[in-house]
Amino acid sequence: METVALLATALLLGGMVYFAAGLAPVVFAHLPGSVSGPFIRKVFPVYYLYVLATSAVAGLALLFVRWPDAAAMLVVAAVTVWLRQGLMRQINRWSDAAQAGDAEARVRFNQGHRGSVIVNVVQMVVAVVVLARFV
(Lines give C-alpha, C1' and ligand atoms only; values in the text may rest on other atoms or scores of the structure.)
Protein backbone atom coordinates (compact mmCIF):
# COMPACT_ATOMS: atom_id res chain seq x y z
CA MET A 1 0.00 0.00 0.00
CA GLU A 2 2.90 2.33 0.66
CA THR A 3 3.97 2.11 -2.99
CA VAL A 4 0.44 2.89 -4.19
CA ALA A 5 0.23 5.85 -1.81
CA LEU A 6 3.62 7.14 -2.92
CA LEU A 7 2.78 6.81 -6.62
CA ALA A 8 -0.67 8.42 -6.24
CA THR A 9 0.74 11.33 -4.22
CA ALA A 10 3.55 11.88 -6.73
CA LEU A 11 1.07 11.77 -9.62
CA LEU A 12 -1.20 14.20 -7.78
CA LEU A 13 1.56 16.73 -7.21
CA GLY A 14 3.04 16.30 -10.67
CA GLY A 15 -0.32 16.81 -12.37
CA MET A 16 -1.13 19.87 -10.29
CA VAL A 17 2.26 21.47 -10.98
CA TYR A 18 2.02 20.64 -14.68
CA PHE A 19 -1.39 22.27 -14.96
CA ALA A 20 -0.51 25.38 -12.93
CA ALA A 21 3.00 25.99 -14.24
CA GLY A 22 2.83 24.39 -17.67
CA LEU A 23 -0.50 24.04 -19.39
CA ALA A 24 -2.47 27.07 -18.17
CA PRO A 25 0.29 29.66 -18.74
CA VAL A 26 1.05 28.30 -22.21
CA VAL A 27 -2.63 28.32 -23.19
CA PHE A 28 -3.11 31.93 -22.07
CA ALA A 29 0.19 33.07 -23.59
CA HIS A 30 -0.25 31.48 -27.02
CA LEU A 31 -3.97 31.32 -27.72
CA PRO A 32 -6.30 34.24 -28.27
CA GLY A 33 -8.70 35.03 -25.43
CA SER A 34 -11.64 33.84 -27.49
CA VAL A 35 -10.08 30.35 -27.50
CA SER A 36 -8.03 30.18 -24.27
CA GLY A 37 -10.92 30.90 -21.89
CA PRO A 38 -13.31 28.31 -23.33
CA PHE A 39 -10.45 25.78 -23.60
CA ILE A 40 -9.42 26.15 -19.95
CA ARG A 41 -13.09 25.98 -18.96
CA LYS A 42 -13.22 22.53 -20.62
CA VAL A 43 -9.95 21.42 -19.00
CA PHE A 44 -10.85 22.35 -15.41
CA PRO A 45 -13.46 19.61 -14.86
CA VAL A 46 -10.96 17.01 -16.09
CA TYR A 47 -8.20 18.53 -13.95
CA TYR A 48 -10.39 18.39 -10.86
CA LEU A 49 -11.36 14.77 -11.57
CA TYR A 50 -7.64 13.96 -11.82
CA VAL A 51 -6.93 15.71 -8.50
CA LEU A 52 -9.93 13.97 -6.91
CA ALA A 53 -8.94 10.52 -8.14
CA THR A 54 -5.24 10.72 -7.28
CA SER A 55 -5.80 12.30 -3.85
CA ALA A 56 -8.54 9.77 -3.01
CA VAL A 57 -6.35 6.82 -4.03
CA ALA A 58 -3.45 8.27 -2.04
CA GLY A 59 -5.71 8.84 0.95
CA LEU A 60 -7.17 5.36 0.90
CA ALA A 61 -3.76 3.72 0.48
CA LEU A 62 -2.32 5.86 3.25
CA LEU A 63 -4.94 4.53 5.68
CA PHE A 64 -2.69 1.47 5.84
CA VAL A 65 0.51 3.50 6.23
CA ARG A 66 0.00 6.80 8.12
CA TRP A 67 -3.50 7.86 9.10
CA PRO A 68 -2.70 11.62 9.50
CA ASP A 69 -1.43 11.70 5.91
CA ALA A 70 -4.47 9.68 4.84
CA ALA A 71 -6.72 12.27 6.44
CA ALA A 72 -4.84 15.09 4.70
CA MET A 73 -5.20 13.46 1.28
CA LEU A 74 -8.86 12.68 1.85
CA VAL A 75 -9.45 16.33 2.80
CA VAL A 76 -7.74 17.32 -0.46
CA ALA A 77 -10.18 15.00 -2.27
CA ALA A 78 -13.21 16.39 -0.44
CA VAL A 79 -12.20 20.00 -1.08
CA THR A 80 -11.73 19.13 -4.74
CA VAL A 81 -15.34 17.96 -4.95
CA TRP A 82 -16.40 21.38 -3.62
CA LEU A 83 -14.05 23.16 -6.04
CA ARG A 84 -15.36 21.21 -9.03
CA GLN A 85 -19.04 21.03 -8.23
CA GLY A 86 -19.48 24.35 -6.45
CA LEU A 87 -16.89 27.06 -6.75
CA MET A 88 -15.87 26.39 -10.36
CA ARG A 89 -19.47 26.60 -11.53
CA GLN A 90 -20.01 29.85 -9.63
CA ILE A 91 -16.77 31.31 -11.01
CA ASN A 92 -17.95 30.47 -14.53
CA ARG A 93 -21.27 32.24 -13.89
CA TRP A 94 -19.43 35.32 -12.56
CA SER A 95 -17.10 35.25 -15.56
CA ASP A 96 -20.01 35.15 -17.98
CA ALA A 97 -21.76 38.01 -16.18
CA ALA A 98 -18.53 40.03 -16.04
CA GLN A 99 -18.00 39.57 -19.78
CA ALA A 100 -21.56 40.85 -20.27
CA GLY A 101 -20.60 44.03 -18.41
CA ASP A 102 -21.58 43.30 -14.80
CA ALA A 103 -18.97 45.14 -12.68
CA GLU A 104 -20.02 43.41 -9.44
CA ALA A 105 -19.63 40.02 -11.13
CA ARG A 106 -16.09 41.04 -12.20
CA VAL A 107 -15.19 41.71 -8.54
CA ARG A 108 -16.73 38.41 -7.45
CA PHE A 109 -14.98 36.54 -10.27
CA ASN A 110 -11.63 37.98 -9.23
CA GLN A 111 -12.26 37.04 -5.59
CA GLY A 112 -13.44 33.55 -6.51
CA HIS A 113 -10.55 32.96 -8.86
CA ARG A 114 -8.03 34.19 -6.29
CA GLY A 115 -9.64 31.94 -3.68
CA SER A 116 -9.48 28.91 -5.96
CA VAL A 117 -5.81 29.57 -6.67
CA ILE A 118 -5.07 29.82 -2.95
CA VAL A 119 -6.92 26.55 -2.27
CA ASN A 120 -4.99 24.83 -5.08
CA VAL A 121 -1.67 26.08 -3.70
CA VAL A 122 -2.60 24.79 -0.24
CA GLN A 123 -3.51 21.43 -1.78
CA MET A 124 -0.10 21.34 -3.49
CA VAL A 125 1.65 22.14 -0.21
CA VAL A 126 -0.25 19.30 1.46
CA ALA A 127 0.89 16.95 -1.31
CA VAL A 128 4.50 18.15 -0.95
CA VAL A 129 4.41 17.54 2.81
CA VAL A 130 2.89 14.08 2.43
CA LEU A 131 5.35 13.20 -0.33
CA ALA A 132 8.30 14.42 1.75
CA ARG A 133 7.29 12.13 4.59
CA PHE A 134 8.01 9.12 2.36
CA VAL A 135 11.71 9.93 2.49
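Okay, a definition to start: a nonpolar patch here is made of residues with over 30% relative accessible area and no salt bridge, where nonpolar side chains are joined within 5 Å. Keep that in mind, and remember as well that what you're looking at is a predicted model.

So, which residues make the nonpolar surface patch on this one? They are Met1, Val4, Val57, Leu60, Leu63 and Phe64, and together they give a patch of about 610 Å². You'll find Phe64 in the loop between α2, which covers 33–62, and α3, which covers 67–99. Is Phe64 buried or exposed? With a relative accessible area of 64%, Phe64 is exposed, because the cut-off for that word is over 50%.

Now let's step back to the whole chain. We have four helices and zero strands. Reading from the N terminus, the order is simply α-α-α-α. The protein chain has 135 residues, and 36% of them count as buried.

Next, how the helices sit against each other. Two packed helices are described by the angle between their axes and the distance between the axes. So let's walk along the chain, pair by pair.

Start with α1 and α2. Their axes are 8 Å apart, and the packing angle is about 165°. Anything over 145 degrees counts as roughly antiparallel, so α1 and α2 are roughly antiparallel to each other. The crossing, where α1 passes α2, is left-handed.

On to α2 and α3. What angle do the axes of α2 and α3 cross at? Roughly 165°, and the axes come within 7 Å. That makes α2 roughly antiparallel to α3. Here, too, you have a left-handed crossing as α2 passes α3.

And then α3 and α4. These axes come within 9 Å and cross at roughly 160°. That makes α3 roughly antiparallel to α4. As α3 passes α4, the crossing is left-handed.

While we're on the helices, have a look at Ala21. Ala21 belongs to helix α1, residues 2–30. Its relative accessible area is 59%, so Ala21 is exposed. How far is Ala21 from Asn92, C-alpha to C-alpha? The answer is 21 Å, for two residues that are 71 residues apart along the chain.

Side chains of opposite charge can pair when their charged atoms come close. How many salt bridges does the structure hold? Four. I'll go through some of them.

One is between Asp96 and Arg41, whose side chains meet at 2.8 Å, N to O. This pair links distant parts of the chain: Asp96 is in helix α3, Arg41 is in helix α2, and they are 55 residues apart.

Another one joins Glu104 and Arg108, at 3.3 Å from N to O. Why are Glu104 and Arg108 separated by about one helical turn? Because they are four residues apart in helix α4, which runs over residues 103–132. Glu104 is partly exposed at a relative accessible area of 43%, and Arg108 is partly exposed at 39%. Elsewhere, salt bridges that share partners join Arg66, Asp69 and Arg133 into one network.

Let's look inside that network. Asp69 forms a salt bridge with Arg66, and the closest N and O atoms are 2.5 Å apart. Are Asp69 and Arg66 buried or exposed? The cut-off for buried is under 20% relative accessible area. Asp69 is at 5% relative accessibility, so Asp69 counts as buried. Arg66 is at 17%, so Arg66 counts as buried too.

Okay, quick recap before you go back to the structure. The chain has four helices and zero strands. The nonpolar patch includes Phe64, which sits in the loop between α2 and α3. Thanks, everyone!

Terms used:
Residues numbered from 1 in each chain as written. Predicted model: local features only at pLDDT ≥ 70, side-chain atom pairs only at ≥ 80, totals over all residues. Heavy atoms only, no water. Patch = residues over 30% accessible without salt bridge, like charges linked within 9 Å, V, L, I, M, F, W, Y side chains within 5 Å. Areas by Shrake-Rupley, 256 points an atom, 1.4 Å probe, with all protein chains shown as cover. Helix = DSSP H or I, 4+ residues; strand = E, 2+ residues; numbered from the N terminus. Buried < 20%, exposed > 50% of the residue type's maximum accessible area, 1.4 Å probe, protein only. Axes fitted to C-alpha atoms, helices over the stretch in contact; angles between N-to-C directions. Parallel < 35°, antiparallel > 145°, perpendicular 65-115°, else oblique. Left-handed = near helix turned anticlockwise from the far one by under 90°.
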